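This report goes from the overall fold to the sheet, then to one residue and the ligand shell.

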Amino acid sequence: MNVVSKSERKILPINIRQYTPKDEAEVYRVNEASLEISFRYYYNMFHKRAPELFLVAEYENQIIGFILVRSGQNFGENHTAIIFAIAVAPQYRSLGVGTQLINAIIDVLHHKEINKLYLHVRVGNTRGIQFYERLGFTKIKRIENFYHWGEAAFRMVKILK
Ligand SMILES: CC(C)(COP(=O)(O)OP(=O)(O)OC[C@H]1O[C@@H](n2cnc3c(N)ncnc32)[C@H](O)[C@@H]1OP(=O)(O)O)[C@@H](O)C(=O)NCCC(=O)NCCS
């Protein structure tokens, strides 16, 4: 991999673009390596509903990350969005890819006049929580038994405007 030592805090030069159905297998590979839940059966549904809210990160023509977001009404509030999934392939983490994916989606949400961005994260995902806090998300609620295996989640939010 032609990168960048972590201590230099360089950013991997990636290309961010919308998902297309031919990306399914590559996105699934990142999903499987990174998340406890498979979103595979929802990829095409999300893509059809709002292609601008399903983005992939490419490096050297390979998909190394993705973000899946839904906008509309969340928790009774209109003009909000929620991150369903974000993942970066293990060997490409801590190189700014996740940050670039979040920033790209926030840019899209600004154009869609979305006010708040929500997400849920496992309470045990300390590094994930740190990642979100550094990006300006705040914990607002702890939800017991959120996941089917019984683990609790934090709901976090970032105010966009
Ligand atoms: C969370 C995640 C998307 C961040 O992507 P990333 O490209 O590593 O993010 P960035 O490089 O922009 O920021 C790195 C920071 O994210 C955090 N982080 C979270 N999990 C990490 C991991 N497994 N490896 C490295 N950094 C991680 C750390 O705070 C890290 O800071 P550091 O570099 O000082 O250690 C990615 O690590 C990932 O896919 N993790 C597994 C899946 C997951 O937890 N998804 C979110 C749950 S809802």
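The paragraphs below describe a predicted model.

**Overall fold**

The protein has four helices and seven strands. Read from the N terminus, these elements follow the order β-α-α-β-β-β-α-β-α-β-β. The radius of gyration is 15 Å, close to the 15 Å that the globule rule gives for 161 residues, so the protein is as compact as a globular protein of that length. Its C-alpha trace spans about 45 × 35 × 35 Å along the principal axes. Of the 161 residues, 28% are buried. Among contacts between residues at least 6 apart in sequence, 63% join residues at least 24 apart.

**Sheet and helices**

The seven strands form an open sheet with mixed pairing, in the order 1-2-3-4-5-7-6. Strand 1 (15-18) and strand 6 (138-143) are the edge strands, each pairing on one side only. From one strand to the next, the twist averages 25 degrees. Strand 4 and strand 5 (residues 116-122) run parallel and are joined by four bridges. Ile83 stands opposite Leu119 in strand 5.

| Helix | Strands it lies across | Angle to strand 3 |
|---|---|---|
| Helix 1 (residues 24-34) | strand 2 (54-59), strand 3 (62-74), strand 4 | about 85 degrees |
| Helix 3 | strand 1, strand 2, strand 3, strand 4, strand 5 | about 35 degrees |

**Val88**

Val88 belongs to strand 4 (residues 77-88). Is Val88 buried or exposed? Val88 counts as buried because it has 26 C-beta neighbours inside 10 Å, and the cut-off for a buried residue is 20 or more. Leaving aside residues up to four places away in sequence, Val88 touches Ser34, Ile64, Gly65, Arg93, Val97 and Gly98. Lys48 is 40 residues from Val88 along the chain, and their C-alpha atoms are separated by 23 Å.

**Ligand shell**

Which residues come nearest to the ligand? Of the 18 residues around the ligand, these are Arg93, Gly98, Thr99, Arg127 and Phe131. Strand 4, helix 3 (97-111) and helix 4 (126-134) are the elements that give two or more residues to the shell. Helix 4 gives the most, with four residues. By class, the shell has eight nonpolar, eight polar and two charged residues. Arg93 and Gly98, both among the residues nearest to the ligand, are also among the residues that Val88 touches.

Definitions and conventions. Residues are numbered from 1 along each chain as its sequence is written. This is a predicted model: local features need pLDDT of at least 70, side-chain atom pairs count only at pLDDT 80 or more; totals for chains, interfaces and linings use all residues. A residue is buried if 20 or more other C-beta atoms lie within 10 Å of its own, exposed if 12 or fewer, and partly exposed in between; C-beta atoms are placed from the backbone. Two residues are in contact if their C-beta atoms, placed from the backbone, lie within 7 Å. A residue is near a molecule or strand if its C-beta atom, placed from the backbone, lies within 6 Å of it. Ala, Val, Leu, Ile, Met, Phe, Trp, Tyr, Cys and Pro count as nonpolar, Asp, Glu, Lys and Arg as charged, and the others, Gly among them, as polar. Two strands pair if DSSP finds at least two bridges between them. Axes are lines fitted to C-alpha atoms, for helices over the stretch in contact, and angles run from 0 to 180 degrees between N-to-C directions. The radius of gyration is taken over C-alpha atoms; the globule rule is 2.2 Å times the number of residues to the power 0.38.
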